[in-house]
Amino acid sequence: MAFLLSFAALVPLNNLGHYVQWHFLEISVANLMVIVLMIITFVVALLAPFPGRRRRKENR
Amino acid sequence: MSTSEIDRQWTTRLRRRVEGKLPPEKLLPDTQPTYVSSWIYVFGIATMCSLGVVIGTGCILALRGPQWWHGSDYGHFINSMHLWSVEIFFFCMVIHLWGKFAMAAWRGGRALTWMTGVVTFLVSIGAGFTGYVSQSNFDSQWISTQAKDGINSTGAGAYFNVLNMGQMLMWHIVLLPLGAIVLTGMHVLMVRIKGVVPPFEEEAETEVAQ
Amino acid sequence: MRKKSFRPDVDAPAWKGGYSPYDIIKEGTIALVVILVLTLIMAVVFGSPDEKAITVKTWSNADPIDFATTALSELNGTSVSAAYGAPYNNTPGASQTMGPLKLEQWVGVRIPINSAKDFVISPLKSLPDQPVLDQQLKTWSAASTATKNTWLKSYAKASTNMKIVKGQVVINATNAGPVPVMINDLTQMARSGALDQALVTGHGFYTTDYTKPLLFLADSQYLGDLAQKQHLTGEQWGMMNETGSYPGQAWLWLYTFWYQIPPFNSSSSGDALVFATMGVLSLLLLFVPFIPGLRSVPRKLKIYRLIWREHYREIEKV
């Protein structure tokens, strides 16, 4: 734990944030990244091949 | 005692109703239908695991009380874990929601599963919000003084006073987590009882499973 | 099995296909480890924000004029909290409504706040051994409402030229009665930190209720300016933002969205309208399985074909 603590907040995000504005829409870069990452993750989850499982032919 | 008397007992009736609903092979299955083969299925369990980390880190924060994390590096680190597990929790939960919507996972008598999921989502938003106003820092000062207007406008503010830090902390660490855990438990049990929703059949007419 | 018409968005076909091995405990354990490691990495790399809480003391020392002006607004009833309406006080027409539903008003005053008394007069009265102030407070309470209003008007008029000289509130107000002494002494009390304590301990020694100091702080310009800098105000979509450059409650995007557009951003019942809208939308989400049209969206979107592509490929082979 002490080992982890010595590295805590390597890149602290305490400085004032950056914001993206488009007409009346306004969002912080951090939130935008979260949302974009969510959409990417969703799409990847849909498209990425799932490691195949051994099929059993019999019904249960 | 006659058999009919035993039959009429509440306990007997309850036992007979639930009997067989959740045999061990359904509760802890060792097989899944072959259609359960996509990464989208991992986001339900990922949400649950994040909830576990949220609760675990919350319990560590609770050990030393609400002010501890302001003055201790260790406390602040646990707070960081608490925050990021919450972000991951909502991240996974929303993807889980999108995925289950795309599958119309309420089909085949699973409407209640969907509904407990939605209520868990709403309760989690409340749990997150009360956490933000319980931080006892500038952020919580601003959030609570802003949020009071919305909550007051519904009339609820008279009883759910977001400016009362003690009340918010109690909701955050007792009532809402309890709600989230119970609802998640119900949600998961229902999934185990009903099984994972099968794919859409692409013909118009099919026999209905009874 | 009984034949009846199959509703594709309500009923699910019975699964007649195969099963594959699935180790639920192993997958759960892997998921837990992955989430735990991810959390640790994020906590180690980014940490978390903890912008120190402001106090009445820090506020009144950083901007004594804003403090004195806010104190005056509490005394003359022009502050936001003084004229808030339910649940804090009775102010005709201040309550928000949802069409015919006057929920705020119906619930009534449950957390009574009298700004002049709670934020100014009672704290001043709690100060020990202040003969001049005590005399002025007596004059204040003996005066008629009309006289008080005259004093307050004179003070308010002169307050545009208010100055702070050697920590004292200096104002050139004639016929302001005890108001200059009251505002100055409250400012001194605030700058010493005593007002923070007086506001919190309104309920006795032990308390966890910060309603009064928070309402007082929220009436200031100071708190709003700090929030503006951190992009936290309502017009800045602040509901989903966090201090610094941390991600915030991004899941509140739809709540904060409504506040940006008419009629929500122009109505005096904007909050009530947003909450009513979100209530209706939440109910729609809850009841998706029962709402014809809405429940057919997934089947028409066809995203499911991607999720179950292997299954459909197998069927096509057959």
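The following dialogue discusses how to read several features of this predicted model.

Biologist: How do helix 2 of chain A and helix 6 of chain B cross, at what angle and with which hand?

Modeller: One begins with the axes. Those of helix 2 (residues 29-47) of chain A and helix 6 (residues 73-102) of chain B come within 10 Å and cross at roughly 45°. The two helices are therefore oblique to each other. The crossing is right-handed.

Biologist: Which residues make the contact?

Modeller: Helix 2 of chain A contributes Val34(A), Leu37(A), Met38(A), Ile39(A), Thr41(A) and Phe42(A), while helix 6 of chain B supplies Phe91(B), Val94(B), Ile95(B), Trp98(B) and Gly99(B). By class, this contact has 9 nonpolar residues, 2 polar ones and no charged ones.

Biologist: What joins Lys117(C), Asp118(C) and Lys212(C)?

Modeller: Lys117(C) and Asp118(C) form a salt bridge in which the closest N and O atoms are 3.9 Å apart. Salt bridges that share partners join these two and Lys212(C) into one network. Lys117(C) is partly exposed at 46%, whereas Asp118(C) is buried at 12%.

Biologist: Where are cis peptide bonds found in chain C?

Modeller: Omega is the angle to inspect. The bond from Ala86(C) to Pro87(C) is cis, with omega near 5°, and Pro87(C) is placed in the loop between helix 3 (64-75) and helix 4 (103-107) of chain C. The bond joining Pro262(C) and Pro263(C) is cis too, omega being about 0°. Pro263(C) belongs to the loop between helix 12 (253-258) and helix 13 (270-286) of chain C.

Biologist: What is the phi of Asp129(C), and what is that of Trp237(C)?

Modeller: Asp129(C), although not a glycine, has a positive phi of about 50°. Asp129(C) lies in the loop between helix 5 (115-125) and helix 6 (131-142) of chain C, and is exposed at 72%. For Trp237(C), phi is near 60°, again positive in a residue other than glycine. Trp237(C) sits in the loop between helix 11 (221-229) and helix 12 of chain C, and is buried at 5%.

Conventions: Residues numbered from 1 in each chain as written. Chains lettered and ligands numbered in written order. Predicted model: local features only at pLDDT ≥ 70, side-chain atom pairs only at ≥ 80, totals over all residues. Heavy atoms only, no water. Axes fitted to C-alpha atoms, helices over the stretch in contact; angles between N-to-C directions. Helix = DSSP H or I, 4+ residues; strand = E, 2+ residues; numbered from the N terminus. Parallel < 35°, antiparallel > 145°, perpendicular 65-115°, else oblique. Left-handed = near helix turned anticlockwise from the far one by under 90°. Contact = heavy atoms within 4.5 Å. Nonpolar A, V, L, I, M, F, W, Y, C, P; charged D, E, K, R; others polar. Salt bridge = Lys/Arg side-chain N within 4 Å of Asp/Glu carboxyl O. Buried < 20%, exposed > 50% of the residue type's maximum accessible area, 1.4 Å probe, protein only.
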